Amino acid sequence: MGKITDAEEQLKKAVSVRMENGPAYDAAVSVENLGQVHEVKGDLEEARRVRLSHPADIMVCGNFDCPGETFDRSQLSACSGCQSAFYCGRTCQVKDWRVRHKTFCKKRT
């Protein structure tokens with residue numbers, strides 16, 4: 001778990017710097033990456049909180065292959081299983097489910 005913890009600490013620093021000085025896209029990507037670290041750790045509540053933390057409601061799609069653009073929070077849909085991952089559309093959600101998110105998603109009961 002040491003590498004995950006290291007990644008988490010570095011991403012927290014990156015988010016802090018990019019929220020202050022960086023382009024909106026870079027900040028949104030860093031926030032998404034930090035959210036994915038929390039998914040790996042099994043903390044989906046924190047993953048959701050982190051992803052929704054941008055003060056301007058700017059986010060990126062949770063699918064790495066989605067073209068590099070930012071979205072307003074209202075343009076994205078949450079995973080129906082865990083509500084912690086966000087996607088610009090069904091195509092991106094299905095693609096990410098197959099390659100990444102399925103491993104970490106825990107449907108809420």
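**Close-up views of a predicted model**

Glu 32, Glu 39, Arg 51, Asp 96 and Arg 100 form one network of salt bridges (a side-chain nitrogen of Lys or Arg within 4 Å of a carboxyl oxygen of Asp or Glu). The model is predicted: local features need pLDDT of at least 70, side-chain atom pairs count only at pLDDT 80 or more, and totals for chains, interfaces and linings use all residues. Residues are numbered from 1 along each chain as its sequence is written, and side-chain values use heavy atoms, with hydrogens and water left out.

View 1. The Arg 100–Glu 39 salt bridge spans 3.1 Å, N to O. This pair links distant parts of the chain: Arg 100 sits in helix 4 (residues 90–104) and Glu 39 in helix 2 (residues 24–40), 61 residues apart. Helices are DSSP runs of H or I, at least four residues; strands are runs of E, at least two. Arg 100 also meets Asp 96 at 2.9 Å, N to O. Arg 100 and Asp 96 both lie in helix 4, 4 residues apart, about one turn. Arg 100 has 11% relative accessibility and counts as buried; Asp 96, at 1%, is buried. Buried means under 20% relative accessible area, exposed over 50%, and partly exposed in between (1.4 Å probe, protein chains only).

View 2. Lys 12 is partly exposed at 38% relative accessibility. Glu 9 is partly exposed too, at 37%.

**View 3. Glu 8 is buried**. Its relative accessible area is 7%. Glu 8 belongs to helix 1 (residues 2–21). Beyond neighbours within four places in sequence, Glu 8 contacts Leu 34, Val 37, His 38 and Lys 41. Contact means heavy atoms within 4.5 Å.

**View 4. The largest nonpolar core has 13 residues**. Such a core is a set of buried Ala, Val, Leu, Ile, Met, Phe, Trp, Tyr and Cys residues joined through side-chain atoms within 4.5 Å. Cys 61, Cys 79 and Tyr 87 touch the most other members. A second, separate core of 6 residues includes Leu 11, Val 31, Val 37 and Val 50.

**View 5. Tyr 87 has contacts elsewhere in the sequence**. Not counting residues up to four places away, its partners include Cys 61, Cys 79, Asp 96 and Arg 100.
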